[in-house]
Amino acid sequence: MYVAVIVELSAKAVDKTFTYHVPPMLEQEIEIGKRVLVPFGRQQLEGFILNITREEVCDYPVKDILKVIDEHAVLNQELLKLGKYMQKKTLSSLVSCYQTMLPRALKAHKNTKVSKKYETYYQLVDQTYVGNEKQQAIISLLKEKTMVLKKELASISSSSLQTLEKKGVIQSVKREVYRLKLKEQTIDDKVILTAEQKSVIDRVLTKEKQFSPFLLHGVTGSGKTEVYMRFIEHVTKQGKEAIVLVPEISLTPQMVERFRNRFGNQIAILHSRLSLGEKYDEWRKIERREVSIVIGARSAIFAPFTNLGMIIIDEEHSTTYKQENMPKYHAIDMALYRVKTHHCPIVLGSATPSLESYTRAKLGIYELLEMKHRINHTFPTIHFVDMKEEIKKGYPILSRLLEEKIKQCLEKKEQIILLLNKRGYSRVVTCKNCGEVDMCPNCDIPLIYHKELHDMQCHYCGYHKPVWKICPNCKGDSFQTFGMGTERLEEYVKKTFPMANILRMDVDTTTKKGSHEKMIQAFSEHQYDILIGTQMIAKGLDFPNVTLVGVLESDNSLNIPDFRSAERTFQLLNQVSGRAGRADKLGEVVLQGFQLDHYSILYASKHDYQGFYQEEMHIRKKLNYPPYTNLSFIQLKGKDDQYLLKEANKIKDYLQNDHTLQILGPSFSNIPKINQVYTIQLIIKYKKSPQLISKLKFLQEQYMVGKKCKLEIDLNPIRV
């Protein structure tokens with residue numbers, strides 16, 4: 001017996017299978033999709049079995065496999081095919097695609113072993129034994145219950161336990177337990193459906209046994225989550241499985257809580273904040289068919305279900321569904337492939353669909369479903385505040401209007417959300433004397449001041465250092481800060497409203513395990529009056545007592561040099577506005593900024609997606625950007641910027657022979673240097689280009705070995 005094995009090296013140069021002989025004593029363990037340990041050159045590597053044959057089909061001396069690692073295949077037939085599809089969609093190595101799908105404990109990689117967790121139970125063997133008082137207490141408890149945890153009995157008497165076990169009166173049994181504990185009870189919290197909700201549910205379920213992509217455009221507060229739960233209830237009653245993707249880890253706790261109340265222990269959770277052991281356990285729950293629903297972030301799309309009945313992608317417009325490092329897959333592409341395989345529907349939900357998705361719906365590629373009304377029938381009132389005037393009057397952080405509205409809410413015992421999409425205390429520290437800026441030595445950006453830690457941090461490479469005491473340029477000792485982050489906003493709000501309980505939620509405050517869940521729970525229970533945060537608090541969260549949302553620097557994202565900046569601004573403002581007035585109380589939103597007459601902000605304030613779509617599409621057509629064209633992105637990364645420019649120009653010359661392509665660049669990326677590595681980029685625009693993929697593959701081959709730079713290709717970039 002011979003096997004074709006793809007080894008753990010992700011280099012494109014070894015992106016192929018290698019033939020190995022199977023020793024007779026291992027033949028019974030061989031199965032496609034299992035991991036094996038093999039000799040490779042002078043080392044030993046793990047890899048996946050992709051084929052089994054009785055013939056030796058190779059032109060090199062065949063070695064024996066050393067060990068079969070898995071009891072069961074870690075990659076089923078569908079995931080093996082999905083990996084090949086991902087390889088084509090991303091131009092990545094096949095093994096890197098397979099590695100991406102799996103939790104770390106199951107990747108092909110040496111020395112990454114995660115053990116199963118066991119707990120010891122005791123059971124009664126001799127019913128007739130009569131012991132002393134402590135022994136009898138243990139025996140009585142074991143007569144009541146079949147099995148009892150060791151730690152429960154040890155509280156009575158650990159020495160008595162040992163004595164009873166030695167005498168054979170009781171015996172210990174080890175049982176595997178899962179690390180992530182979910183409540184098992186279910187609460188029937190069904191709500192009465194609106195006519196719009198009923199219509200959407202009925203339409204989707206008419207196509208439950210065929211590949212059917214739906215775009216659900218439902219305004220914030222229209223009840224999309226209840227619709228998702230009704231879909232899943234139907235699917236699981238048919239004996240099928242469902243995957244629900246959410247874009248942010250911060251959204252998962254509330255979504256999980258609602259689903260858990262409805263579906264109990266039918267749920268597994270997959271996202272990056274779980275420990276290695278928890279991910280391993282959740283994955284095995286799915287493999288063992290102990291659950292029928294998976295909720296999680298991007299990587300949950302690879303859940304090893306074998307009988308999918310539906311995939312739901314909430315906030316489908318979110319950029320977090322695209323992986324930024326290789327393989328640069330998009331979760332929606334992977335989901336569409338899976339529902340085609342399983343002949344079932346996919347529902348892409350959003351209050352602000354991406355322009356590409358909405359255009360597909362208009363063209364009939366997706367079927368458009370709409371929920372235009374809020375459950376409570378009222379949108380929040382929007383107020384604009386021009387900060388140029390406020391600053392002149394001595395209100396540089398919170399406008400007079402926003403301060404007054406916060407005060408009113410606090411008096412009425414209502415809650416407030418303040419959004420500022422920048423973390424840290426201040427953005428730039430400069431010398432008052434000479435203007436020297438404290439820059440990151442590894443990246444081309446200023447360091448961010450974090451007052452709580454009293455240090456300067458780079459949010460790109462992780463470099464940090466103490467705050468300047470003496471200017472390195474002029475030796476002055478007087479400094480000033482510019483810009484504001486969530487930390488400074490929190491400090492200001494605490495001073496302004498000393499009686500209010502204030503919670504800050506950003507990357508800096510949510511590093512500890514479980515911190516998202518604890519913060520969201522605490523705010524839900526009104527332990528805090530004001531929630532301050534970055535964009536992680538803008539989407540999907542449901543707090544019935546929040547009646548006021550304040551957005552500071554509403555126009556900030558318009559200054560990002562990206563053709564999608566207006567779309568992202570519209571989406572963010574629309575989403576965060578939707579956090580106000582979600583129950584019976586009326587909501588208000590205060591938007592502060594300097595360019596509040598921009599069309600993306602005006603349309604967001606009116607909750608007018610159609611108006612924004614028409615205007616933005618008009619601009620995209622003029623500038624020849626998606627969805628009117630396709631984009632591909634080539635990046636060269638290395639430590640010598642002049643060498644990178646020279647190589648980038650060679651690539652441009654090579655591609656310009658193809659007249660179906662429009663090449664922009666080469667140019668430095670928005671942040672030219674990160675962690676001592678420069679990035680030069682080329683943007684390719686095209687409508688149809690039959691030769692592009694083969695040209696890009698040829699370029700990849702040229703930069704595999706022997707070059708002082710790394711080449712990365714993104715066929716559908718979300719950030720340009």
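These exercises work through parts of a predicted model.

**Exercise 1. Strand β15**

Task: Find how many residues of β15 (residues 345-350) are buried, and which lie on each side.

Solution: 
- Step 1. Count the buried residues. Six of the six residues in β15 are buried.
- Step 2. Recall a rule. Side chains in a regular strand alternate between the two faces of the sheet.
- Step 3. Sort the residues. Pro345, Val347 and Gly349 lie on one side. Ile346, Leu348 and Ser350 lie on the other. Both faces of β15 are covered.

Task: Which strands pair with β15, and in what sense?

Solution: 
- Step 1. Take β10 (residues 212-218). Six bridges join β10 to β15, and the two run parallel. Phe214 has Val347 as its bridge partner in β15.
- Step 2. Take β14. Three bridges pair β14 with β15, again in the parallel sense. Ile312 has Val347 as its bridge partner in β15.

**Exercise 2. His317**

Task: Decide whether His317 is buried or exposed. Then find its polar partner.

Solution: 
- Step 1. His317 sits in the loop between β14 and α9.
- Step 2. Apply the cut-off. Buried means under 20% relative accessible area. His317 has 9% relative accessibility, so His317 counts as buried.
- Step 3. Look for the partner. The side chains of His317 and Ser350 make a polar contact at 2.8 Å.

**Exercise 3. Helices α15 and α17**

Task: How are α15 and α17 oriented to each other?

Solution: 
- Step 1. Read the geometry. The axes come within 11 Å and cross at roughly 170 degrees.
- Step 2. Apply the cut-off. Angles over 145 degrees count as roughly antiparallel. Therefore α15 and α17 are roughly antiparallel.
- Step 3. Name the residues. Ala566, Glu567 and Phe570 in α15 meet Tyr609, Phe612, Glu616 and Arg620 in α17.
- Step 4. Sort by class. The contact has four nonpolar, no polar and three charged residues.

Methods: Residues are numbered from 1 along each chain as its sequence is written. This is a predicted model: local features need pLDDT of at least 70, side-chain atom pairs count only at pLDDT 80 or more; totals for chains, interfaces and linings use all residues. Side-chain values use heavy atoms; hydrogens and water are left out. Axes are lines fitted to C-alpha atoms, for helices over the stretch in contact, and angles run from 0 to 180 degrees between N-to-C directions. Helices (H or I, at least four residues) and strands (E, at least two) are DSSP runs, numbered from the N terminus. Angles under 35 degrees count as roughly parallel, over 145 as roughly antiparallel, 65 to 115 as roughly perpendicular and the rest as oblique. Contact means heavy atoms within 4.5 Å. Ala, Val, Leu, Ile, Met, Phe, Trp, Tyr, Cys and Pro count as nonpolar, Asp, Glu, Lys and Arg as charged, and the others, Gly among them, as polar. Buried means under 20% relative accessible area, exposed over 50%, partly exposed in between (1.4 Å probe, protein chains only). A polar contact is a pair of N or O atoms within 3.5 Å; within protein, one must be able to donate a hydrogen and the other to accept it, and residues adjacent in sequence count only if both atoms are side-chain atoms. Two strands pair if DSSP finds at least two bridges between them.
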